[in-house]
Amino acid sequence: MKLARAAAALVIALVPLCAPAQGYPKGPVHVILPFPAGGGVDAAGRILAQKLSDSLGKAFVIENRGGANGNIGTEAAAKSASDGATLLFTGAGFVTNPSLYKSVPYDPVKDFDPISLMALGPNVLVVHPSLPVKSVAELIALARTQPGKIGFAGSGSGSTPHLAGELFNVMAGVQMVHIPYRGSGPAMIGLLAGEAPVMFLPAINAGPHIASGRLRALAVTSRERLAAMPELPTISESGLPGYESSQWYGLLAPAGTPPEVLDLLNARVANIMQSADMKARMAGDGLVPIGGSREQFAAHIRSEIVKWAKVISESGARVD
């Protein structure tokens, strides 16, 4: 990805420019994850927290504060002291919730200082073998002849798989219907049973089922092809130019955190994400390591807010 390449190019330049944060951290750092244990944000956050603990010699302690699609934990982080002792590790819901809910208890731009975009997590557009399509173009053609009749599974209203499907609907001019399940596990069961024959499935979950023939892969949702699945085209090159939808994982701090702390953490995350072992681990999990500058992450947040606000408005997606 262009973003990934740019991030890698900046790593060498970033580290020497970071003024040391005197004595940081003085004690344990609490990392709030605004989702329950066991999901993608939780898994990625725990990996990064352990690496930061190893790098800085102090414990980075995970605190899962789930609820309201991430709003509860995010509010807690926003109201924490701006001293670097509390951080937020979150995902795409951070920027989509303000458009999905009538109101949210935080401002994603004003209440936080971005530290680093850790990684992107593309999805794979998969279908149940019973659905008679073998390409994105065939799925679009079928959906146009059956408006409102083809269901796509999601792990809940407002989830990344849900919004990936709504973006597909808007760009393709089709009306596939979101079938919300209570989590990724039930969504997978429904997909494999053919109840909802389409899903924008996280790449980490898709591989085994594609290999076994229980699911048919049509394309990936990233801007460029995945190294782990190079044979799969992107949706963009398969008939919907410009289509891109990925989960993302990033580290932020309450607004007003000292710049030297933000710079130190950004540099450490950049080094971690460019290490050979982390690159291999991320590739195995279907993730694309980033670790770019604070400014890049801030720009990513702003662009994602605008993009998904438009998609949510045009599709009518809501969670309350």
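How many bridges join strand E3 to strand E9, and do the two run parallel or antiparallel?

1. E3 and E9 (residues 246-254) are joined by 3 bridges and run antiparallel; strands count as paired if DSSP finds at least two bridges between them. Phe89 has Leu251 in E9 as its bridge partner. Strands (E, at least two residues) and helices (H or I, at least four) are DSSP runs, numbered from the N terminus.

2. This is a predicted model, in which local features need pLDDT of at least 70 and side-chain atom pairs count only at pLDDT 80 or more, while totals for chains, interfaces and linings use all residues. Residues are numbered from 1 along each chain as its sequence is written, and side-chain values use heavy atoms, with hydrogens and water left out.

3. E3 (residues 86-90) also pairs with strand E1 (residues 29-33), in the parallel sense over 3 bridges, and Ile32 stands opposite Leu88. Of the 5 residues of E3, 5 are buried (under 20% relative accessible area, 1.4 Å probe, protein chains only). Thr86, Leu88 and Thr90 lie on one side, Leu87 and Phe89 on the other.

4. Strands E5 (residues 151-154) and E6 (residues 177-180) pair in the parallel sense over 4 bridges, with Phe152 opposite His178.

5. Helix H6 (residues 160-172) packs against helix H11 (residues 294-315) at an angle of about 70 degrees, the axes being 9 Å apart. H6 and H11 are therefore roughly perpendicular (65 to 115 degrees), with axes fitted to C-alpha atoms over the stretch in contact and angles running from 0 to 180 degrees between N-to-C directions.

Technical notes:
Angles under 35 degrees count as roughly parallel, over 145 as roughly antiparallel, 65 to 115 as roughly perpendicular and the rest as oblique. Buried means under 20% relative accessible area, exposed over 50%, partly exposed in between (1.4 Å probe, protein chains only).
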